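Here are some exercises to work through with the structure open beside you. Try each task before you read its solution.

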Amino acid sequence: MTSATPGPQTPAPYTTARTDRSDRTGSRPRPRLIATDLDGTLLRDDKTVSDRTVAALAAAEAAGIEVFFVTGRPARWMDVVSAHVHGHGLAICGNGAAVVDLHGGPGTHSFVKIRAMDRECALDVVRRVRAASPGTSFAVERTGGLHHEETYPPLHMEPGESVAPAEKLLAEIPTDPAVAEQPVLKILAFHPELAPDDFLVVARAAVGDRATVTRSSPSALLEISGPGVSKASTLELCCAERGITPAEVVAFGDMPNDIEMLSWAGTSYAMGNAHPDVIAAASGSTVANNDDGVAVIIEQILADHHPEAQRPLD
């Protein structure tokens, strides 16, 4: 596999590039939900949401299309978009490990649904990945914060809550009793030498179906969740609760942790800056995140299905 990222592509029209998906008859149901990744997708590289994208999201919600942010980010990193979740206020975080209510605005959130990683499963994953790729360092993402090994690099926007070997961080009785009450959302694994996609292949072979292994970083940083936990599976649960079918979902993404979601959704778009495997998985493509690729498609959706909606800003 290659870790190269292609440049921006010419945007596809709002008809998908293939006809082997839910719209194989040529007609597509009116979208009821838009599911979009954040980093590299909705957000520009400077981590801002453009005025055009803000307007497109608001117009979609006003037209009755629910917008879900589906991200690998933890809940505490959602302030950048918490003002744009509109009426429902919900987002899927941690690659599907948590559904979070952001109604309180920046600096506040509450967990609605948690799909935790079993402690013994997490320990088994650490052992297997460490054995398959010596030199790997680990971090443990819990609902209350990040805990990491001493050799784990400062890849995140915050210091760790505690620093210790992963086996100690996952001990049955942690040093801090309060930590024991915090579910494990995912394990992070970093390798200083392996290429990102090579590390992903090695780790998946070592772990098998015991956990879900993916990545979203340009570095060799893997994100490991409980078995069956992914953006796609949690989005499917949220849609089922609303009576929304896959055919009524439009999804956007750019990295391997988006592939299952893009494959599940009836219509999906790879960003112009997407990983090659993401381009292969999506049913269509749009321009890059810095060129407001998500807004481009939302505007097309509104023009096709809601011509009465006010056109977002150009």
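**Exercise 1. In which sense do strand 10 and strand 11 pair, and over how many bridges?**

Before the solution, a word on the model. This is a predicted model, in which local features need pLDDT of at least 70 and side-chain atom pairs count only at pLDDT 80 or more, while totals for chains, interfaces and linings use all residues. Residues are numbered from 1 along each chain as its sequence is written, and side-chain values use heavy atoms, with hydrogens and water left out.

Step 1. Find the elements: helices (H or I, at least four residues) and strands (E, at least two) are DSSP runs, numbered from the N terminus. Strand 10 covers residues 212–215, and strand 11 covers residues 221–225.

Step 2. Read the pairing, for which DSSP must find at least two bridges between the strands. Strand 10 and strand 11 are antiparallel, with 4 bridges. T214 has E223 as its bridge partner in strand 11.

Step 3. Look for another partner. Strand 9 (residues 184–190) also pairs with strand 11 in the antiparallel sense, over 4 bridges, and here the partner of L188 is E223.

Step 4. Check burial (buried means under 20% relative accessible area, exposed over 50%, partly exposed in between, with a 1.4 Å probe and protein chains only). On strand 11, L221, E223 and S225 lie on one side and L222 and I224 on the other, and all are buried.

**Exercise 2. Trace the pairings of strand 7.**

Step 1. Start with strand 6 (residues 137–142), which pairs with strand 7 in the antiparallel sense over 4 bridges. The two strands form a hairpin with 2 residues between them, and E141 is bridged to L146 of strand 7.

Step 2. Move on to strand 8 (residues 162–163), which runs parallel to strand 7 and is joined to it by 2 bridges. H147 finds its bridge partner in S162 of strand 8.

Step 3. Sort the side chains of strand 7 (residues 145–148): G145 and H147 point one way, L146 and H148 the other way, and all are buried.

**Exercise 3. Which residues touch the most other members of the largest nonpolar core?**

Step 1. A nonpolar core is a set of buried Ala, Val, Leu, Ile, Met, Phe, Trp, Tyr and Cys residues joined through side-chain atoms within 4.5 Å. The largest has 31 residues, and F69, M78, V81 and I298 touch the most other members.

Step 2. Helix 10 gives the most to this core, with 6 residues.

Step 3. Leaving aside residues up to four places away in sequence, I298 touches I34, A56, L57 and A60 (contact means heavy atoms within 4.5 Å).

Step 4. A second, separate core of 25 residues includes A164, I187, A211 and V213.

**Exercise 4. Describe how helix 3 and helix 6 meet.**

Step 1. The axes of helix 3 (residues 119–132) and helix 6 (residues 196–207) come within 9 Å and cross at roughly 130 degrees.

Step 2. Angles under 35 degrees count as roughly parallel, over 145 as roughly antiparallel, 65 to 115 as roughly perpendicular and the rest as oblique. Helix 3 and helix 6 are therefore oblique to each other.

Step 3. The contact involves V125, R128, V129 and A132 of helix 3 and F199, V202, A203, A206 and V207 of helix 6.

Conventions
Axes fitted to C-alpha atoms, helices over the stretch in contact; angles between N-to-C directions.
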